Amino acid sequence: MTQEMEPGINALEIGRVREATFDPQVGETALLGVYVRESVTQRAASDTEVIFATGAKLVRVKTDDEGWAFFPYKAEQPGDVAVTASLQGVKSKAASHNFHFEVLAAGVWDVARIQLNNEPDITTWGERAKFPRTQQVHTIKLIVDEGSSLLGREIRLALTGYSSPSELNITSVQPALGVNRLLTSAGLQWQLNSTKGGAYNLQLEASRILKLSPGNAMSLGPVTSEEVTGVS
């Protein structure tokens, strides 16, 4: 189908869009899409040219049999991104759509740090195992620096690998695993209470970020005689 049709009868329009479902890091690809239809009949318009414009770069894509045209946007540098999709030769507000999203620098989780209880050893998340003890409620804290792309996003914590929460007899996690909370410069804290030893990972997920954090290994066990006496 082409756009050379009688105006007002078979005029074309963009009926639906597929926005970027995440903010890509440099090197990742976000898929954008528009659904083109006849404005009067509402039927899908196949084989219709859509122009995706980002800066001075133009990419022409034909709609498929279901009226969709897709554009894979590959992130090349950090910053706010605007991509415009428009129908060739069609002049109306419904003939174009502006996509807006953010491209993040690669390695967004590299600035996330973890602290166990009040220990002075604060390490990059996933870099080194932590050793909580079964005789205490232990506190996990997520810390990030000012300017991190993680700030202002919803963060949730998951327990993965090796031992399950039931095997560890985790009786309490506050706030609960999987609950979204806004990350601010104050960081975020979770308290876990377990009565059985085991090994597991703590992993983070952030809103509009495709990749999960590395898993931070945790080795949960009883207090050793050296820890009781202070012998190293």
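**Notebook: strands, cores and salt bridges**

I began at Leu116, which stands opposite Ile140 in strand 10. I worked on a predicted model, in which local features need pLDDT of at least 70, side-chain atom pairs count only at pLDDT 80 or more, and totals for chains, interfaces and linings use all residues. Residues are numbered from 1 along each chain as its sequence is written, and side-chain values use heavy atoms, with hydrogens and water left out.

**Entry 1: sheet**

I looked up the pairing of strand 8 with strand 10 and found it antiparallel, over 4 bridges. I took two strands as paired if DSSP finds at least two bridges between them. Strands of a sheet pair through backbone hydrogen bonds, either parallel or antiparallel.

**Entry 2: overall form**

I counted 1 helix and 16 strands in the protein; these are DSSP runs numbered from the N terminus, helices being H or I of at least four residues and strands E of at least two. The radius of gyration is 25 Å, well over the 17 Å that the globule rule gives for 232 residues, so the protein is more spread out than a compact globule. That radius is taken over C-alpha atoms, and the rule is 2.2 Å times the number of residues to the power 0.38. Along the principal axes, the C-alpha atoms fill a box of roughly 90 × 35 × 25 Å.

I recorded 39% of the 232 residues as buried, where buried means under 20% relative accessible area, exposed over 50%, and partly exposed in between (1.4 Å probe, protein chains only). Of the contacts (heavy atoms within 4.5 Å) with a separation of 6 or more, 63% join residues 24 or more positions apart.

**Entry 3: cores**

I then searched for nonpolar cores, meaning sets of buried Ala, Val, Leu, Ile, Met, Phe, Trp, Tyr and Cys residues joined through side-chain atoms within 4.5 Å. The largest has 28 residues, and Trp109, Trp125, Leu142, Leu150 and Ile155 have the most contacts inside it. Strands that each supply at least two residues of this core include strand 8 (113-116), strand 10 (138-143) and strand 14 (188-194). Strand 15 gives the most, with 4 residues. A second, separate core of 24 residues includes Leu32, Val50, Phe52 and Ala69.

**Entry 4: salt bridges**

I found 11 salt bridges, each a side-chain nitrogen of Lys or Arg within 4 Å of a carboxyl oxygen of Asp or Glu.

Which parts does the pair Lys62 and Asp47 tie together? The closest N and O atoms of Lys62 and Asp47 are 3.5 Å apart. Lys62 lies in strand 4 (residues 57-62) and Asp47 in the loop between strand 2 (29-38) and strand 3 (49-54), so the pair ties together parts 15 residues apart in sequence. Lys62 is partly exposed at 46% relative accessibility, and Asp47 is partly exposed at 41%.

Glu49 forms a salt bridge with Arg60, their closest N and O atoms being 3.0 Å apart. Because Glu49 lies in strand 3 and Arg60 in strand 4, this pair ties together parts 11 residues apart in sequence. Arg60 is partly exposed at 49%.

Arg128 bridges to Asp121 at 3.1 Å between the closest N and O atoms. I noted Arg128 as partly exposed at 42% and Asp121 as partly exposed at 31%. Lastly, I recorded a network of salt bridges linking Asp23, Glu102, Arg153 and Arg208.
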